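Please read these points with the model open beside them. They are meant for someone who has not seen this structure before.

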Amino acid sequence: TEPLLQVEGLITELGETARPLRVVDGLDLTIRSGETFALLGESGCGKSMAALSLMRLLPPGGRILSGRVRLGGTDLLHLTEAEMRSVRGGRMAMIFQEPQTSLNPVLSVGVQIAEALHVHGEGSDGRNRRRVVELLRAVGIPDPEQRADEYPHQLSGGMKQRVMIAMALAGDPGLLIADEPTTALDVTIQAQVLSLLGDLRRETGMAVLLITHDLGVVAETADRLAVMYAGQIVETATVSEFFAGPAHPYGRMLMESLPSAEKRRGRLATIPGRVPPLDRVFSGCRFADRCASVMPLCRERIPEWIGLGAGRGVRCHLWSEGEASHPGPARNAA
Ligand code: SF4
Ligand code: MG
């Protein structure tokens with residue numbers, strides 16, 4: 001069957017055309033109905049820009065240069081802005097890290113959810129009110145009838161995030177994009193919001209694209225993942241394959257940076273070095289400056305994508321044919 005979302009060769013730039021920052025550089029992704037797919041990487045690696053590109057919600061100065069984004073049978077990059085608006089929050093919705101920036105402080109949460117319903121063509125008034133209360137209940141908000149009349153400042157961070165999820169669900173999306181949805185929340189609330197997303201996914205059959213820097217979140221919620229580095233995907237795997245042994249040295253570094261006592265919680269410690277600046281032009285591997293396995297070839301030739309079978313793949317010279325005798329990182333780790 002056709003995947004729900006198929007992204008091919010997506011390139012996104014920000015800033016002046018003379019000196020653009022290439023924030024997404026040739027993104028390929030396939031997401032199936034009903035799965036949770038994690039896009040993992042440090043901040044500044046292009047995850048959010050990739051998500052905003054899919055929604056066509058780039059900040060001013062952002063532009064998609066090329067690529068294809070197919071949702072179901074629809075090529076999103078060829079829709080008019082009006083058509084795209086009806087896809088957004090309808091077949092595809094997005095929630096963000098800071099719910100307060102997306103909620104209107106002067107409208108009650110019920111009115112805001114009703115507006116989301118209205119945009120998606122539901123009837124007005126009494127029926128809308130019932131649906132608002134249903135949605136608040138679905139996202140686990142207690143006393144939904146009363147809560148519907150409250151304003152964002154009366155709600156905790158976790159409750160605000162639940163309201164954002166309710167608004168996203170208003171259009172019954174097939175795909176929910178969640179960009180660091182729990183990063184601003186404390187650990188207990190984080191776990192509750194993640195388990196809510198899991199429940200909703202099971203109940204509605206929607207797919208979730210989860211953007212995160214947190215390996216613990218990936219371990220607990222995702223089926224498959226892609227690791228992103230400096231605008232590119234460097235590894236894809238199922239979550240169990242990845243935890244059994246990342247194929248890419250960067251994936252390995254992410255794993256090793258988990259302090260062992262914290263490993264189960266999956267908090268990332270500080271990782272040595274940093275993501276290279278986005279205006280840099282690369283003649284070799286983007287990870288070379290930080291890689292423990294770097295070879296001379298890595299600085300001379302850009303590594304190509306290498307399929308490792310069954311949806312798994314890696315962008316690293318360790319896995320190229322010429323280096324077949326070299327043990328790849330996953331084999332090393334095994
Ligand atoms: Fe490291 Fe070379 Fe692989 Fe890049 S291509 S990740 S520098 S081994
Ligand atoms: Mg981000």
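The numbered points below go from the model as a whole to its parts.

1. Basis of the model. This is a predicted model, in which local features need pLDDT of at least 70, side-chain atom pairs count only at pLDDT 80 or more, and totals for chains, interfaces and linings use all residues. Residues are numbered from 1 along each chain as its sequence is written, and chains are lettered from A and ligands numbered from 1 in the order in which they are written.

2. Confidence. The pLDDT (the predictor's confidence in each residue, from 0 to 100) averages 88 for the protein, and 90% of the residues score at least 70. The model has an ipTM of 0.97 and a pTM of 0.90. Two residues are in contact if their C-beta atoms, placed from the backbone, lie within 7 Å. Where pLDDT is low, the predicted coordinates should not be read in detail.

3. Overall make-up. The protein has 13 helices and 12 strands. Both are DSSP runs numbered from the N terminus: helices are H or I with at least four residues, strands E with at least two. Of the 334 residues, 42% are buried. A residue is buried if 20 or more other C-beta atoms lie within 10 Å of its own, exposed if 12 or fewer, and partly exposed in between, with C-beta atoms placed from the backbone. Among contacts with a separation of 6 or more, 64% are between residues 24 or more positions apart.

4. Nonpolar core. A nonpolar core is a set of buried Ala, Val, Leu, Ile, Met, Phe, Trp, Tyr and Cys residues joined through C-beta atoms within 7 Å. The largest one has 93 residues, and Ile113, Ala166, Leu175, Leu209 and Leu225 have the most contacts inside it. Helix 7 (residues 157–169) supplies the largest share of this core, 8 residues. Leaving aside neighbours within four places in sequence, Ala166 is in contact with Ile113, Leu135, Leu136, Ala138 and Val139.

5. Helix 1. Where does this helix sit? Helix 1 (residues 47–55) has 7 of its 9 residues buried, so it is largely enclosed by the rest of the structure. The buried residues are Lys47, Met49, Ala50, Ala51, Leu52, Ser53 and Leu54. Arg56, which follows helix 1, has a positive phi, near 55°.

6. Four strands form an open sheet in the order 2-1-4-5, with antiparallel pairing. Strand 2 (21–31) and strand 5 (74–75) stand at the edges with a single partner strand each, so one side of each is left without a neighbour in the sheet. Two strands pair if DSSP finds at least two bridges between them. Strand 4 (residues 63–71) and strand 5 run antiparallel and are joined by 2 bridges; Arg70 stands opposite Asp75 in strand 5.

7. Glu13. Not counting residues up to four places away in sequence, Glu13 touches Pro20, Leu21, Arg22, Val23, Arg63 and Leu65. Its C-alpha atom is separated by 9.6 Å from that of Leu58, 45 residues apart along the chain.

8. Strands 10, 11 and 12. Strand 12 (residues 312–315) runs antiparallel to strand 10 (residues 232–238), with 2 bridges joining them. Strand 11 (residues 305–309) is joined to strand 12 by 4 bridges, also antiparallel. Strands 11 and 12 form a hairpin with 2 residues between them, and Ala310 in the turn has a positive phi of about 50°.

9. Gly313 and its partners. Gly313 in strand 12 stands opposite Thr236 and is the bridge partner of Gly307, which lies in strand 11. Gly307 is exposed, with 11 other C-beta atoms within 10 Å. The C-alpha atoms of Gly307 and Thr236 are separated by 9.3 Å, the two residues being 71 residues apart along the chain.

10. Ligand 1. Which residues are closest to ligand 1? They are Cys285, Cys291, Cys298, Cys316 and His317, out of 13 residues that surround it; a residue is near a molecule if its C-beta atom, placed from the backbone, lies within 6 Å of it. The shell around ligand 1 has 11 nonpolar, 2 polar and no charged residues. Here Ala, Val, Leu, Ile, Met, Phe, Trp, Tyr, Cys and Pro count as nonpolar, Asp, Glu, Lys and Arg as charged, and the others, Gly among them, as polar.
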